Structure formats: structure tokens, C-alpha cells
Amino acid sequence: MLITACQSTQPEVHSDTIANNDVAAISTSLLKASTNKQPDIKNVSLTPAITTKVNKPQKKAPMKTVEPVTNLWQRISEQLSFDIELNDRLEARVNWYLAQPHYLSSVSKRAAPYLYHIVEEVERRRLPMELALLPFVESDFRPKAISSQQAVGAWQLVNATAYHFGITKDPWYDGRQDVLASTEAALDYLSYLHKRFHGNWLHALAAYNSGEGRVKKAIANNRRKGKSRHFWSLSLPKETEDYVPKLIALSYLLQTEHPKFKRPTLPNHALTSALDIGQQFDFSILASLTGIEKATLHRLNPGYLRHQSSPNGPHTVLLPLTQEQLLKSQFFKRYFSQTYVVQPKDTLYRLARRFNTSVATIKLLNNKKGNMIRVGEKLKVTQAQKFDSLLVDYQISPYVAQAQKPKQLTMEFHHTVGEGESLWKISKHYKVSVRDLIVWNKLKANKVLKPGKVLVLHLPKANETPQKPASDVLLSDLEQLVKPETRSNR
């Protein structure tokens, strides 16, 4: 199976927190969890700390009252499960992190809008929590990172792998840069590799970096030579030999709470909420409806490449609001909810199923603490309203009032389609747009024209009636379709 794997970018220490001031302000206002204090231990030697395996602190006897975990990084650290064995390559990566003790805290600020959602998805799938650390190793958690091998996004997915695992990509949208969409694809891919390598996560991670075929070949070579097939014994590209130790070293430092390595602090709840707009939208209009600055929306949603979402979707955006803030906002109540009168036999569970939501969401939306509802009671339920349009016509600037040119007089002209003619060829001859031909004749964009069909054209009246284009040159089937460069002008 020819699926190329990601090529990770080299880790860099970034002094910036989040590039956009608005997103930085979001993180600053919401990141209020207390910072974990590290023990004051002097003269700690690294080598004795890494024994044959990491000795995790013994769990204390359960208390009657358990304090809730308020730091997301504590939640991550407590679930790390890889066994860690001493070797020179691992120690080299540990020393690299120790030389830059604030590295993870710096990158964590970039990850703040997304990390909680990733942790939730890893837990839901019952995968090792180490996988949540992979975007830090892959790209320093930069959603727009591009490697020399054209791997893209926080998870560094190449185009073929992304396509195989359901990532959408077109001129409007690249799902590899959408952190949450690429998380789904990356975890699908890693789960697939885990099965292909018979439950060996180190082999699966190596294959994620350098390709399934290359790791299988290295394993086969060692088997043929009677050597160990453990990851540490395989002959792999240097980048891959360094790649897996980067992840394990990070896991080690978080598990052991090394005093020379600063554990970041993030609140253990989502800082952002995803909302499906339900139709194609323009970021300018969405910013106006929500009261959130357009630049902030773009920064949180790097998968969208233009001012508008793709006509084919997706139309889901990440908003800088907690779930509670979103549901209680006037924007949501006005455009994404409706009033429902409780009927006999209704329950919150049945209403949640009917309106494709959750009981918790209905309770939040209605400020309800319990599950009791009464017949005749009015409840707010999630239901997107149908907008007439959420798009902006950029042929006329929405920001600058412009004088309208007088409408040019036109005359109707009929053209009979000849053999081998296409919309593109006819549009070039008459100097009109393909879009106009489609609108004038109510055609589909990918319509293949049949000889003898009569097309209506509206041409400037002052112009002489143009001659019919020659039809002696036959175009290929591909050329008879609307060409890609014309589709983007629709």
C-alpha cells in the first residue's frame, strides 16, 4: 500500500506566544490555571534518573475527597504510558530539552486553542497519551508549517496520506492546516500503522515519519541477519532515528517532573468551541454576526485559505469561546437556536437525540441544573437558522462606496454549438466569462456541450456580430470541461 508518511520539521525554540494579538489575548484571558511548582532539588544528575525503566511515583492511597485536575498538562502527564529504557540516543534528546527548559511552555501557548480537543479525542479512542505530544515534535505546533517534503500542518501530513484518510483539499480549504480535522486523520493513520506493526507503537511512530515500507524493510533486514527487531536496533534514516527519541524524551520529562524542565500550565477545559455554520460563509459577515474580529477567526481557522469557506464545505469554524460562553451568547441564541414547547412524553434525552445535540448542551442553553422538564415549558434547543446569504460580492468593494458605471446596452446573440466546442473555447472567442455563459443558459459548470445546441449570449450592442469559431479542431474530453482557472471565478 503506497502511502507516504509525514516528514517532520526540525524543532525550533519560538519566543513568540501566538502570532495574532487577538488570539494571544484569548489565551491570556482564559489561561488562569495555577502554575505547578517544581521541587527545589539541587545537583540532580540526568543519567541516574534514567534507569532501565522510568520509575513513576507510587500512587498514594485514595482520599475521600479527590481534588479535580485543573491543569491540562497534569492530565496529560498522568496518562503517559510508554516504558522508557536508557540509551545514548534518548539521553541526547533529553539533554536537548533540558538545555531549553522553556521550550514546551512557549510552544504550549500556540497549542492552547486546540490541545484540549486533541486530548479529548485521544482519550475517546483509548490511544496512548503520547500521541497528543506528536504535533510538538512534528511542527512545534505550527498549523501552517510546510516541510521540505511538502508535509503540511501541525501533524505534518503529506497530500497522499491526507487524501487517503479523508482530508478535504480544494482552492478554498486545506484540511491539513485545520488542526482538528488533521487530528482525526493523523490518529486514524497512527491507528492503522499500529495494527500493521502488530501493536508496536515505536514501529508505528517510525513509519508515520519515514513510511510504512521503509520500516518494514528495516525489520525484514534485521530478521534475515538474526538481529533484534526492536526500534532501537533498526537501521533507519537519521531523521527517523532522532524523531522517535524526541517524543519519548518529552514523555520522560513530563512523567518524572524533572526539576530542570518547566511543565506548562493550561486550564483543563476547552478554550474554543466548534460551530457548524451550515452553509458557505464569508469571514467578514461571520465577524459582524459574532462580534469577533475577522483576523482572530482566520488565525484560529488556518484551514480556510480564502475570505470564504468552500462551496462544498466544510463550514465549521472554531470560535474563541468556551462552550458555555457560546451557548449563552446572543449570537448563538438568535441564529443557532429555536424555542421548543415541551410535549407529553418528552425527556431531555429524547430532545437531545431529536435535535442532534446533547443533554448537557440543552441544560447549558436553558440554565438548567436538573433533568426535570414540564409539559408546556419553553426550552431553547439547537437549530441553525437558514440565512439568505452569508457571502460578499468582492467585485464591488464592501468597504468603499464606488460610483456605478452606466449599464452597457447589449444585444442577444445565438450561437449553435459545433463539433468539439466547449464553454471555455466559446467564452474565449466571444470574450465573455464562462460564468456568464452558464448563467445565461442555465447550465451546470461541468456540462459537456452537444453539437447543435443553441446558446444565448448577451453581447455589447456597439460591437459587430462576431464570426462563429472554427470547429475543425477537436478538443479532448478534459478540455471540453470548464477549466480549473475558470472555476475559481464562479
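Lys216 and Glu212 both sit in helix α11 (residues 212–225), four residues apart, which is about one turn of the helix. Helices here are DSSP runs of H or I with at least four residues, strands are runs of E with at least two, and both are numbered from the N terminus. The two side chains form a salt bridge, with their closest N and O atoms 3.0 Å apart. A salt bridge is a side-chain nitrogen of Lys or Arg within 4 Å of a carboxyl oxygen of Asp or Glu.

A word on the source. This is a predicted model, in which local features need pLDDT of at least 70 and side-chain atom pairs count only at pLDDT 80 or more, while totals for chains, interfaces and linings use all residues. Residues are numbered from 1 along each chain as its sequence is written, and side-chain values use heavy atoms, leaving out hydrogens and water.

Is Glu212 buried or exposed? Glu212 is buried, because its relative accessible area is 5%. Lys216 counts as partly exposed, at 32% relative accessibility. Buried means under 20% relative accessible area, exposed means over 50%, and partly exposed lies in between (1.4 Å probe, protein chains only).

Ile219 is also placed in helix α11. Ile219 is buried, because its relative accessible area is 10%. What does Ile219 contact, leaving aside its neighbours within four places in sequence? Its partners are Phe197, His203, Arg229 and Leu234. Contact means heavy atoms within 4.5 Å. Leu236 is 17 residues from Ile219 in sequence, and their C-alpha atoms are 9.7 Å apart in space.

Now move to helix α12 (residues 238–256). Asp242 and Lys238 are four residues apart there, so about one helical turn separates them. They form a salt bridge, and the closest N and O atoms are 2.8 Å apart. Asp242 counts as partly exposed, at 24% relative accessibility. Lys238 counts as exposed, at 59%.

Another network of salt bridges with shared partners joins Glu121, Arg124, Arg125, Glu184 and Asp188. Look at one link in it. Glu121 forms a salt bridge with Arg125, and their closest N and O atoms are 2.8 Å apart. Both belong to helix α6 (residues 115–125), where they are four residues apart, so about one helical turn lies between them. Glu121 counts as buried, at 11% relative accessibility. How many salt bridges does the structure hold? It holds 13.

Next, step back to the whole protein. It has 21 helices and eight strands. Of its 490 residues, 48% are buried. Take the contacts between residues at least 6 apart in sequence: 74% of them join residues at least 24 apart. The protein exposes about 26900 Å², and carbon and sulfur atoms supply 51% of that. Accessible areas come from the Shrake-Rupley method with a 1.4 Å probe, and for residues only the protein chains shown count as cover.

How confident is the predictor? The score is pLDDT, its confidence in each residue from 0 to 100. The protein's mean pLDDT is 79, and 75% of its residues reach 70 or more. Which element has the highest mean pLDDT, and which the lowest? Helix α6 has the highest, at 97, and helix α21 (residues 484–487) the lowest, at 33. Over residues 468–490 the pLDDT is below 50, and this stretch has 40 contacts in the model beyond near neighbours in sequence. Over residues 32–53 the pLDDT is also below 50, with 39 such contacts.

Key
pLDDT is the predictor's confidence in each residue, from 0 to 100.
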